[in-house]
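Thanks for making the time this morning.

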Amino acid sequence: MPDQRTVSVLGLGAMGRALAGAALRAGHRVPVWNRTAGKDTDLVTAGARHTATPAAAISGSDLVIVCLLDHASVHSVLDPIAAELSDVAVVNLTSTTPGESRELASWARAHDIAFLDGGIMAVPDMIGGPAASILYSGDAAAFDSAQQVLELFGSAEFLGADPGLAAAHDFALLAAMYAMFAGFAHGAAMLRSAGVGAAAFAERAVPWLTAMTGSLPWQAQFIDSGDYRTSVQNLHFNKAALDAIVRAGREAGIAVDVLRPVKALIDEQVADGYGEQAFARIVEGLRG
């Protein structure tokens, strides 16, 4: 194919294998490497090239995708081959904090390496499908050069030159997701004590939570403006609601660990005299 490239993938966990598979299906050359042997069997059968070392994997590469365990593993794999990456765009899709992503970008600049950091908003099975989204930040020229390949994985959005922006968005979205899942688990535990199964609860929770997300832009207006005045459902109202929900959990004999930090944030704001203001004001407590 006229635009065929060599896309190296370092790290073949479930996500790395999904990324390599998407590049293969598009007809690109895909050398792959993984610290533990045997993870590339299906990929090699599909046309990927097995390599024994990271150096061999990146030889002649146009684009290097790094999808490893953590920040330390990125350094342990890339540090020994830094000199060989100076003419290659490196895309880090390992889950690293914003600060770690910025540190990797500084390391890359010191070695004349074009560096992009990415936050994957998808699970492996979604890669290459319409629902997958990956956020990128860092070297704009590297993004422009690699965009055709990156869009094979999912919609590719460049957020800006700050290498930590993609990770910050990634972790912010995941924080909201985990809090929602934990809230669902709390509700499922409550209803189990009343003989109601989680599947029945999910049927009610999905439309309810979907409807509630519609209020997020309204809450964002409070946060961005810093003006938390409201005439409806102020923090006094929300404190009474959370107090009652906590009591209900204890009556059901379940732990209230999920709700305890939310209640603490509300209690703090009310104690500081902000009870007449909107629920969104709890963000001020989170800002420390």
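Let me start with Met 180, which at 38% relative accessibility counts as partly exposed, a class lying between buried, under 20% relative accessible area, and exposed, over 50%, with a 1.4 Å probe and protein chains only. Met 180 sits in helix 7, residues 165–192, where helices are DSSP runs of H or I of at least four residues and strands are E runs of at least two, numbered from the N terminus. Its C-alpha atom and that of Lys 39, 141 residues apart along the chain, are separated by 33 Å.

A word on the basis of all this: the model is predicted, so that local features need pLDDT of at least 70 and side-chain atom pairs count only at pLDDT 80 or more, while totals for chains, interfaces and linings use all residues. Residues are numbered from 1 along each chain as its sequence is written, and side-chain values use heavy atoms, with hydrogens and water left out.

Now to strand 7, residues 133–138, where six of the six residues are buried, so the strand is largely enclosed by the rest of the structure. Strand 7 runs antiparallel to strand 6, residues 114–121, through six bridges, and parallel to strand 8, residues 155–158, through four; strands pair if DSSP finds at least two bridges between them. Ser 133 stands opposite Met 121, and its bridge partner in strand 8 is Ser 155.

What about the cores? A nonpolar core here is a set of buried Ala, Val, Leu, Ile, Met, Phe, Trp, Tyr and Cys residues joined through side-chain atoms within 4.5 Å. The largest has 34 residues, and Tyr 136 and Leu 150 are among those that touch the most other members. Strand 7 and helix 6 are among the elements giving two or more residues to this core, although the largest share, seven residues, comes from helix 1. Apart from it lies another core, of 21 residues, among them Ile 58 and Phe 115.

Finally, the whole protein chain has twelve helices and eight strands, and of its 288 residues, 41% count as buried. Its C-alpha atoms fill a box of roughly 65 × 45 × 30 Å, taken along the principal axes.
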